[in-house]
Amino acid sequence: MQSSANKQQSLLLFTLSGLIAISLLTIFIATRELPGYPFLKRQAAWVVVGAGLLIFLQRQNYRMFVKNAAWLYGFGLVFLLSVFVLGRKVNGAISWIDLGFFRMQPSEITRLTTLLLLAKVYETCKGECRQARQVLLCLTVLAVPTFFVLLQPDLGMAIIYFSLCGCFVLLTRFSGELIRLLVVCVCVVGILFAAVVQVVPELPDQLLRPHQLERLTSFLHPETDPLGSGYQYIQARSVVGSGQLGGTGLLYVVTSNGGKLPEQHTDFIFAVIAQQWGFIGASVLLLLYFLLFYIMVQWAMGTPDPFASFFISGMVIMWFFQIFVNIGMNIGLSPITGLTLPFISYGGSSFITNMMALGLVLSMKTPPPLWEFE
């Protein structure tokens with residue numbers, strides 16, 4: 001049994017190493033025209049820091065984080081609010097704190113602390129919701145950071161928080177009466193919103209500005225504005241398509257019309273992978289993700305601790321949703337939301353947070369004795 005667990009852990013670390021290797025090589029290709037390779041060097045530094053944090057957290061008793069989940073959640077909210085005082089606007093959103101040598105995105109850390117508290121709530125109610133106040137508590141835990149993220153505004157990260165709500169719904173058993181009550185509440189809210197829109201027709205425009213709506217819908221018809229809202233979609237699709245089966249192998253990015261693929265080392269790094277190594281290379285990347293999720297799902301199903309089960313499942317759902325949206329952006333099947341590709345895209349905040357999350361997951365692989373759960 002122990003030998004099987006060690007093999008699974010070794011396979012997970014091998015998979016992670018493969019993802020990191022693909023990340024560093026692709027970032028080198030996407031930014032090789034810059035002298036000194038600054039992006040590659042920074043990402044390599046973050047890999048070292050992330051690996052150190054993963055090893056440190058893997059050796060900790062994760063029940064310590066369970067006991068302090070509420071405090072960590074509060075710290076995450078304060079950290080998230082700090083962007084409105086210390087933040088720097090990047091791509092139209094105040095989501096980053098610039099420290100000179102490092103730019104932090106507090107919402108990345110906050111999504112981890114939010115999942116910790118949500119997992120503790122799940123453990124407290126033993127995976128069952130029979131009272132409306134339990135549902136209200138979970139919705140409040142999710143709604144508060146989501147509201148602050150929308151104020152930045154960062155729609156992509158807000159969607160990630162919404163995915164945690166889906167995780168709670170999937171894993172929690174609801175009583176029949178509570179389900180009926182929730183359905184009635186959703187219907188009432190929908191009717192009230194429709195009634196308010198009839199009275200105040202300009203309300204939808206105030207909630208979603210025209211340029212935001214255009215950004216969300218431009219992927220449906222990018223050719224109508226090829227130099228504006230549709231530019232990134234057109235460039236990304238041409239880069240992905242040029243890879244065909246085996247890729248170009250040119251070790252630099254080529255576009256069909258001589259233009260440049262924006263954010264090719266962050267949001268659109270999948271397009272670079274697809275061009276360099278084609279359908280085969282993209283399939284290898286997806287296979288590595290599949291192995292990572294398969295191992296984590298096995299651990300989530302096998303652990304006797306409901307907290308660990310929920311936390312691991314939450315990370316799988318968040319990463320899966322992020323991968324789905326990011327690849328959809330690259331092939332023109334989903335709107336551009338600014339979501340990066342986990343463990344692959346350039347970025348210190350997202351990479352370090354993901355490594356911390358994986359370190360916690362590894363610490364949960366061998367849970368403490370059941371008597372410590374009390």
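Analyst: Arg 111 has a relative accessible area of 2%, so this residue is buried, and Glu 108, likewise at 2% relative accessibility, counts as buried too. In this predicted model, the side chains of these two residues, Arg 111 and Glu 108, meet in a salt bridge with a distance of 2.9 Å from N to O. Both belong to helix α6, where they are 3 residues apart, about one turn of the helix.

The structure holds 3 salt bridges, and Arg 63 forms one of them with Glu 123, their closest N and O atoms being 3.0 Å apart. Because Arg 63 lies in helix α3 (residues 63–67) and Glu 123 in helix α6 (residues 106–124), this pair ties together parts that are 60 residues apart in sequence. Arg 63 and Glu 123 are both buried, with a relative accessible area of 8% for Arg 63.

Arg 63 also meets the side chain of Asp 305 in a salt bridge, at 2.8 Å from N to O. This pair links distant parts of the chain, 242 residues apart, since Asp 305 is in the loop between α13 (269–302) and α14 (306–330) while Arg 63 is in helix α3. Asp 305 has 0% relative accessibility and therefore counts as buried. Through shared partners, salt bridges join Arg 63, Glu 123 and Asp 305 into one network.

As for confidence, the mean pLDDT of the chain is 81, and 81% of its residues reach 70 or more.

How values were computed:
Residues numbered from 1 in each chain as written. Predicted model: local features only at pLDDT ≥ 70, side-chain atom pairs only at ≥ 80, totals over all residues. Heavy atoms only, no water. pLDDT = per-residue confidence, 0-100. Salt bridge = Lys/Arg side-chain N within 4 Å of Asp/Glu carboxyl O. Helix = DSSP H or I, 4+ residues; strand = E, 2+ residues; numbered from the N terminus. Buried < 20%, exposed > 50% of the residue type's maximum accessible area, 1.4 Å probe, protein only.
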